[in-house]
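Here is a short note for someone opening this model for the first time. Please read the points with the structure in view.

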Amino acid sequence: MPDILIITNAQIVTCDKDHHVIASGALVVQAGRICWVGLSDKLPASWRDGAHQLMDADGDIVMPGLINMHAHCGDSLFRGLVEDLPLEAWLNTVWKAEGAILNDPANCHLGASLGFAELLLSGTTTVMDMFWHADQSFGAAREAGIRLASGGIYFDPPGMDGLGSERRDQMAARLFAEYGNDDACFVGTLPHGAYTVGPKALVAAYGLAAENDGFFSIHAAETRAEQETVRASYGKSVIRHLASLGILSKRMVLAHCVHVDDEEIDLIAKSGAHVVHNPLSNLKLGSGFSPVPKMLARGINVTLGTDGPISGNDMDMWLTMRLAATIHKGALEDAAVMPTKQVLHMATLYGARALRAEQHLGSLEVGKRADFIRVDMRGPHASPMFDPITHLVYSAARSDVRDVFVAGRQVVDEGVLLTLDVGDLCARSTALIPQITAALKEAP
Ligand SMILES: [Zn+2]
């Protein structure tokens, strides 16, 4: 990695809180951080004339890497295996398939690598991931060069990782100890849901997250059936249940929140908890429409996620942005909801806020980590360009992503992943098909 990297001739979409765009900009990176950003012709002469690595962006857009706040990358191994079912029936088959191969940590590592390759190539530089054998995910993330938020998963029945519920705290604590000081990692605890994890374990997982100043993320209020199950067990809805346990707080990242009423939205808003909107997953699994415009209006920090590659079959944050920007306009018959600039923030700055890392990530500003991407917006689907932000939300695709940098290190060059052998990952994943299908045939 060069000492100083200078990008010139870029349209810089900073994603700062005022949505500044620099039409002909330059970005200077030193020791993994942004140390200067501004107009190219104002670049200090000392840098312009120094012997630094220069990159001419040739008028392309340079913007922060996207932040995907909810995924299960290891499930890349099962993409397309089961379709056209609602969440509960779908999960039954998914769990059988996972059970067939995920007791082997190497397969979790492979699935995570495959997912991280997809994410980096499409411009995502940070992902929050919930999966078995999170130590494998952290290892794979280091190899891939992606920033990872993950940690100990909680699940009351015996898990695919062979751990019983009694060993979950131990595993989660180990992950905090091992990865808590790594600048590329965010460590937390991730209980699967209030219908699969009992109150005692939820409180323990939250306590561990608080003790280590980590995040706590959980699937919450995704489907009506989940609400009914939780109501039958605890006499209250999912959000009220979490609030009554005293664990709804600013370290909480709630994935989904599709079925929440006004009072629950108030509870979330007052607690400072963050929400992850996963429009593709909610649409494909028939889960419903999350009241995102209402939550945003109430001041809740709503971020974006793709969910796993078997729920929405795609971890493409560009598609996610476009769906988030459009489906609520259609459902509410109101073109003014989900303003374009705010949707771009949901995929960048708001994700950083949910990670409580707004001072380090989510926008291109001096002092922040140099996580940025170069997007070619000169194709017929994006020319002419009156406003780069509009094109990024409504017209850009992952195939437009040319270069990707994480902490100043280039991990994608002209659409080629530099850190992993994508062909090898695909071949090894394909080789697992017979084992998975055989297990499904045998399972009752
Ligand atoms: Zn999920």
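1. Helices (H or I, at least four residues) and strands (E, at least two) are DSSP runs, numbered from the N terminus. The model is predicted: local features need pLDDT of at least 70, side-chain atom pairs count only at pLDDT 80 or more, and totals for chains, interfaces and linings use all residues. Residues are numbered from 1 along each chain as its sequence is written, and side-chain values use heavy atoms, with hydrogens and water left out.

2. Start with the second largest pocket. Helix H16 (422-430) and H17 each give at least two residues to its lining. A pocket is an open set of points on a 1 Å grid over the protein atoms alone, where a 1.4 Å probe fits, with protein on both sides within 12 Å along at least five of seven lines; lining residues have an atom within 4 Å of a point. This pocket has 13 lining residues, and Leu77, Phe78, Arg79, Ser429 and Ile433 lie nearest its centre. The lining has 7 nonpolar, 5 polar and 1 charged residues. Here Ala, Val, Leu, Ile, Met, Phe, Trp, Tyr, Cys and Pro count as nonpolar, Asp, Glu, Lys and Arg as charged, and the others, Gly among them, as polar. Its volume, the space filled by probe spheres set on the points (joined across faces, edges and corners), is about 190 Å³.

3. Which helix does H17 meet? Residues Gln435, Ile436, Ala439 and Leu440 of H17 touch Thr93, Lys96, Ala97, Ala100 and Ile101 of H2. Contact means heavy atoms within 4.5 Å. This contact has 6 nonpolar, 2 polar and 1 charged residues. The axes of H2 (residues 87-101) and H17 (residues 433-442) come within 9 Å and cross at roughly 125°. Axes are lines fitted to C-alpha atoms, for helices over the stretch in contact, and angles run from 0 to 180 degrees between N-to-C directions.

4. H16 has a partner too. In H3, Leu110, Ser113, Leu114, Ala117 and Leu121 meet Val422, Leu425, Cys426, Arg428 and Ser429 of H16. By class, that contact has 7 nonpolar, 2 polar and 1 charged residues. The axes of H3 (residues 105-121) and H16 come within 10 Å and cross at roughly 135°.

5. Now the largest pocket. Its volume is about 360 Å³. It is lined by 20 residues, with Gly180, Cys185, Phe186, Val187 and Leu355 nearest its centre. Strand S9 (residues 185-191) supplies the largest share of the lining, 3 residues.
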